[in-house]
Amino acid sequence: MKKLLLFLFGVIILMGAIDASAQITVQIGTATTTTATTEASPVCNWYRNYRMQFVFLKSELNAVGITCPHDLDQIQFNVTGLPTYAFPNYTIKVGHYTANTLPNTYAGPMTTVYTSPSYTASLGWNIFNFTTPFTWNAIDNIIVEVCWDLIPAYYSSGSVQYTSVPSLMMYYQNDVTSACPSSLSYTSSSRPNTKFRFTPVGTCTGTPVAGTIANIASCPYTLGAVGGSLVCGLSYQWQSKEACTDVWTNIPGATNSVYAVSSVSNPTDFRMYVVCDALGVADTTAPFSLMSLTPCYCAAIPNYDYYHDIVNVS
């Protein structure tokens, strides 16, 4: 009996070790620059309260090895300068985000993954363990929101390590009005270096579900499947055919879970073919039809904003 109990105990320990080894912590943003103590950051005391949102692109996650659906259960910020005051009702939210820039407040949906009645920062990587894991779908970008209630007074203190990236951070700051429900007013390129802890949600063990194709982004016009299998170990191939024909053709290079359509001059059907790599079994979405599509272009940005009229855009 004792030997059986010891064996079962050993199996439990081994399973725990296997689960722990499946976790992977990755870092996005590797520059060694530090925010000023008067600059918006997750630990800034320059205003009495802040609300801020940061976008982390799917391409950035892919570049550090996160390419299939994972559970996210922890993030970290690298604090390089201590704030004077602790942060009351410090709250972190996470969500999926389709656009590749953040021009306005993102209203959601987002999931509250961390709250603390009083967060006191420490030097180095500050760890925020989620109360509920967030399952990343491996299709969209990730948006992170941080906000807190009014601290006792403003003070020039608190800084984090950051990497400069354009158009992926916005914030609101105020000494009187509550920040958390307020719309974001300012942009910043000082997105905090952030560590994410992921765990794969599993590997396919049978015929995958391809899901239903939907338009998930407008520029570029991007197709993705919703309601499909959220597991690792899947391969994708997008196919197309002209309407009223029967022959589907693989689209060269279209082997991701999403596909950006550049243009369509004739009515065309699209579908996605999904294969479970380990078993060789597959599923295909129903066709998605486009009558026509003209190329989209990035929004013009003024490069001359003196008091005269704008004379050039790029």
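Trainee: Why is Cys147 called buried in this predicted model?

Mentor: Buried means under 20% relative accessible area. Cys147 has a relative accessible area of 4%, so Cys147 is buried.

Trainee: Why is the pair of Cys147 and Cys180 said to tie parts together?

Mentor: Cys147 lies in strand E8 (residues 141–147), while Cys180 lies in the loop between strand E10 (169–174) and strand E11 (186–187). These parts are 33 residues apart in sequence, so the pair ties them together.

Trainee: How many disulfides does a search of the whole structure find?

Mentor: The search finds 3. One of them is formed by Cys68 and Cys232, with sulfur atoms 1.9 Å apart. That link is right-handed, with 70° about the S-S bond. Cys68 is in the loop between helix H2 (58–63) and strand E4 (70–81), and Cys232 is in the loop between strand E15 (221–226) and strand E16 (234–242), so parts 164 residues apart in sequence are tied together.

Trainee: Are Cys68 and Cys232 buried or exposed?

Mentor: The relative accessible area of Cys68 is 17%, so Cys68 is buried. For Cys232 the value is 10%, so Cys232 is buried.

Trainee: What makes Cys204 and Cys276 a disulfide?

Mentor: Their S to S distance is 2.0 Å, and the cut-off is within 2.5 Å. The torsion about the S-S bond is about 85°, so the disulfide is right-handed. Cys204 sits in the loop between strand E13 (194–200) and strand E14 (212–218), and Cys276 sits in strand E19 (residues 268–276), 72 residues apart. Cys204 and Cys276 are buried.

Trainee: Why does Cys244 count as exposed?

Mentor: Exposed means over 50%. Cys244 has 84% relative accessibility, so Cys244 counts as exposed. Cys44 has a relative accessible area of 0%, so Cys44 is buried.

Trainee: How many aromatic pairs does the structure hold?

Mentor: The structure holds 19.

Trainee: Why is the pair of Phe54 and Phe77 called edge-to-face?

Mentor: Ring centres must lie within 6.5 Å for a pair, and planes over 60 degrees apart count as edge-to-face. The centres of Phe54 and Phe77 are 6.2 Å apart and the planes are at 65°, so the pair is edge-to-face. Phe54 is in strand E3 (residues 49–56) and Phe77 in strand E4, so the pair ties together parts 23 residues apart in sequence. Phe54 and Phe77 are buried.

Trainee: What makes the pair of Phe56 and Phe196 edge-to-face?

Mentor: Their centres are 4.9 Å apart and their planes at 80°, so the pair is edge-to-face. Phe56 lies in strand E3 and Phe196 in strand E13, so the pair ties together parts that are 140 residues apart in sequence. Phe56 and Phe196 are buried.

Trainee: How do you know that the charged end of Lys241 sits over the ring of Trp248?

Mentor: The distance cut-off is within 6 Å of the ring centre. The charged end of Lys241 is 5.3 Å from the centre of the Trp248 ring, and sits over that ring.

Terms used:
Residues are numbered from 1 along each chain as its sequence is written. This is a predicted model: local features need pLDDT of at least 70, side-chain atom pairs count only at pLDDT 80 or more; totals for chains, interfaces and linings use all residues. Side-chain values use heavy atoms; hydrogens and water are left out. Helices (H or I, at least four residues) and strands (E, at least two) are DSSP runs, numbered from the N terminus. Buried means under 20% relative accessible area, exposed over 50%, partly exposed in between (1.4 Å probe, protein chains only). Rings of Phe, Tyr and Trp (its six-membered ring) pair if their centres lie within 6.5 Å; planes under 30 degrees apart count as stacked, over 60 as edge-to-face and the rest as tilted. A charge sits over a ring if NZ of Lys or CZ of Arg is within 6 Å of the ring centre and within 35 degrees of the ring normal.
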